[in-house]
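Thanks for coming. I will take one structure today and go through it part by part. Please have a look at it first.

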Amino acid sequence: MHCPFCRHPDSRVIDSRTADDGLSIRRRRQCPECGRRFTTTETASLTVIKRSGVVEPFSREKVMSGVRKACQGRPVTDADLALLAQQVEESVRSSGVAQFDANEIGLAILPHLRELDEVAFLRFASVYQAFESLADFETAIEELRAHPATGSLESVPRPDASEE
Ligand SMILES: [Zn+2]
């Protein structure tokens with residue numbers, strides 16, 4: 001981090017704190033050359049590559065709006081959706097990967113949505129796991145019956161681990 005005053009290429013961190021949004025870190029730095037102090041804000045960026053190839057920042061709002069459609073007519077509140085979006089963000093961030101494609105985000109939503117509402121889960125899964133026939137639904141329903149929701153959070157399913 002260059003000093004903004006004298007361009008010295010190094011600086012010393014004298015204080016770090018997490019910003020109110022919880023997603024960025026503010027660091028108070030001091031230049032060892034000129035002694036002046038400055039503040040930097042560093043964000044742990046998480047980006048999503050859309051099917052169109054466009055890269056955009058991860059957005060909880062987008063997660064909520066995507067899931068909201070699958071929840072139409074279901075007893076799911078906006079507070080439930082907000083919590084789900086937060087859980088999805090935490091699980092993708094905890095994977096340590098900084099960039100996902102939109103389909104991976106969809107797959108990361110599934111275990112959390114399943115805890116919330118099984119009907120919405122099936123609707124959402126039919127899109128993101130590309131169900132092609134009734135047999136795909138039957139398989140998913142059998143899976144739901146065999147492994148009832150436990151209330152525990154699962155790790156992010158990667159596409160190569162969720163097939164077959
Ligand atoms: Zn300086």
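Which residue forms a salt bridge with Arg74? The partner is Asp117, and the closest N and O atoms of the two are 2.9 Å apart. Arg74 lies in the loop between α1 and α2, and Asp117 in the loop between α3 (102-116) and α4 (118-128), so this pair ties together parts that are 43 residues apart in sequence. A salt bridge here is a side-chain nitrogen of Lys or Arg within 4 Å of a carboxyl oxygen of Asp or Glu. Arg74 is partly exposed, with a relative accessible area of 30%, while Asp117 counts as buried at 6%. On those words: buried means under 20% relative accessible area, exposed means over 50%, and partly exposed is in between, with a 1.4 Å probe and protein chains only.

Some ground rules before I go on. This is a predicted model, where local features need pLDDT of at least 70 and side-chain atom pairs count only at pLDDT 80 or more, while totals for chains, interfaces and linings use all residues. Residues are numbered from 1 along each chain as its sequence is written, and side-chain values use heavy atoms, with hydrogens and water left out.

Now the overall layout. The chain has six helices and six strands. Read from the N terminus, the elements run β-β-β-β-β-α-α-β-α-α-α-α. Helices (H or I, at least four residues) and strands (E, at least two) are DSSP runs, numbered from the N terminus. Of the 164 residues in the chain, buried ones make up 31%. Taking contacts between residues at least 6 apart in sequence, 48% join residues at least 24 apart; contact means heavy atoms within 4.5 Å.

Next, the metal. Which residues coordinate the zinc ion? They are Cys3, Cys6, Cys31 and Cys34, each through its SG atom, at 2.3 to 2.4 Å. Donors are N, O and S atoms within 2.8 Å of the metal (3.2 Å for Na, K and Ca), and water is not among the atoms, so sites may look incomplete. The angles among the four donor atoms are 105 to 118°, and the site is tetrahedral. Four donors count as tetrahedral if all angles lie between 85 and 135 degrees. Along the chain, the donors follow the spacing C-x2-C-x24-C-x2-C. Cys6 is in the segment before β1 (12-18) and Cys31 in the loop between β2 (24-30) and β3 (37-43), so that pair ties together parts 25 residues apart in sequence. Cys6 is partly exposed at 31% relative accessible area, whereas Cys31 is buried at 2%.

The segment before β1 also holds Arg7. Arg7 is not a glycine, yet has a positive phi of about 65°. At 53% relative accessibility, Arg7 counts as exposed.

On to the strands. Three of them form an open sheet in the order β1-β2-β3, with antiparallel pairing. β1 and β3 are the edge strands, each pairing on one side only. From one strand to the next, the twist averages 25°. Those angles run from 0 to 180 degrees between N-to-C directions, and the axes are lines fitted to C-alpha atoms, for helices over the stretch in contact. How many bridges join β2 to β3? There are seven, and the two strands run antiparallel. Ser24, for instance, has Thr43 in β3 as its bridge partner. Two strands pair if DSSP finds at least two bridges between them.

Back to the charged pairs. The structure holds seven salt bridges. One of them joins the side chains of Arg60 and Glu89, at 2.6 Å from N to O. Arg60 sits in helix α1 (residues 60-70) and Glu89 in helix α2 (residues 78-94), so the pair links distant parts of the chain, 29 residues apart. Arg60 is partly exposed at 33%, and Glu89 is buried at 5%. Another salt bridge is between Lys50 and Glu56, at 3.8 Å from N to O. Lys50 is partly exposed at 35%, and Glu56 is buried at 17%. Lys50, Glu56 and Lys62 are linked in a network of salt bridges.

Last, Leu110. This residue is found in helix α3 and is buried at 4% relative accessibility. What does Leu110 touch, not counting residues up to four places away in sequence? The residues are Phe121, Phe124, Ala125 and Gln129. Leu110 and Leu122 are twelve residues apart in sequence, and their C-alpha atoms are 9.0 Å apart in space.

Technical notes:
Tetrahedral: all angles 85-135°; square planar, octahedral: opposite > 155°, others 65-115°.
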